[in-house]
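My plan is to look at its surface, then at its overall build.

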Amino acid sequence: MIQDAFWGILIPFLGTSLGAGCVFFLKNSLSDGIQRALTGFAAGVMVAASVWSLLIPAMEQAADLGRLAFFPAAVGFWLGILFLLLLDHLIPHLHQNSLQAEGPKSQLQRTTMMVLAVTLHNIPEGMAVGVVYAGYLAGTAQITAAGALALSLGIAIQNFPEGAIISMPLRAEGMKKGRAFWGGVLSGIVEPIGAVLTILAAGIVVPALPYLLSFAAGAMLYVVVEELIPEMSQGQHSNVGTVFFAVGFSVMMVLDVALG
């Protein structure tokens, strides 16, 4: 079981690293259309994962509360939203194709703040993987090894384009290929760290698992609505982001239902 959790935690990070490696093979920055498509895909995966892998299991685990089975999910969801809202205000960061940084004023370089923006939204993904594997290790009936692996694979699939989306613009900003690659890799390192910390927290407070599952869901949905949906919709009007949102949603839904 521990070995399964170890590899499951690393899979999303490997997805980010492989995506960041695109900087060595692609000469030009990604076109706006491709960036919108990849961002839409990532958003679709995260929404589906939030529902099938996190919120539904959270309510199933609280089924003994009867009509109040929604309570842990609702509370955890809002705590996740507020947590990301707090981080958004505390950490200086710069989103793709944005001229103005968010968070407190800072003297950090543009490239550093771009990495921080991606790192910020990788935190809830790491927590999501960690809390699902925490449930698996605790022997929770609603979370199987295949179900936990489905979430890891889904996050890894959407992390691949994310790795490229961060490393390619860093290269376009004038950074050398090697540094741009490591910038993409470092943006994803918070995922295994966040996963391990979440597993430890869940191990200490096992009854908190439904709250932690929905907390990760709230944090991920905050990222989707605050960052990914605006990015996939900006620029010349196009339906490509919406279509790939549906593709990402379908892929994650199929993975979770088929493997879970």
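I started with the nonpolar patch, and α9 gives it the largest share, 5 residues. Helices here are DSSP runs of H or I with at least four residues, strands are runs of E with at least two, and both are numbered from the N terminus.

I noted that the model is predicted: local features need pLDDT of at least 70, side-chain atom pairs count only at pLDDT 80 or more, and totals for chains, interfaces and linings use all residues. Residues are numbered from 1 along each chain as its sequence is written, and side-chain values use heavy atoms, without hydrogens and water.

I listed the patch members: Leu 149, Leu 153, Ile 157, Val 243, Phe 244, Val 247, Val 251 and Leu 259. Together they have about 550 Å² of accessible area (Shrake-Rupley method, 1.4 Å probe, only the protein chains shown count as cover for residues). I checked which helices supply at least two residues each, and found α5 (145–172) and α9 (240–259).

I picked out Val 243, in helix α9. Val 243 is partly exposed because its relative accessible area is 48% (buried is under 20%, exposed over 50%, partly exposed in between).

Next I took the whole chain. I counted 9 helices and 0 strands. Of its 260 residues, 52% count as buried. The chain exposes about 12000 Å², and carbon and sulfur atoms supply 71% of that.

Last, I looked up the dimensions. The C-alpha trace spans about 55 × 35 × 35 Å along its principal axes.

How values were computed:
Patches are made of residues with over 30% relative accessible area and no salt bridge: like charges are joined within 9 Å, nonpolar side chains (Val, Leu, Ile, Met, Phe, Trp, Tyr) within 5 Å. A salt bridge is a side-chain nitrogen of Lys or Arg within 4 Å of a carboxyl oxygen of Asp or Glu. Buried means under 20% relative accessible area, exposed over 50%, partly exposed in between (1.4 Å probe, protein chains only).
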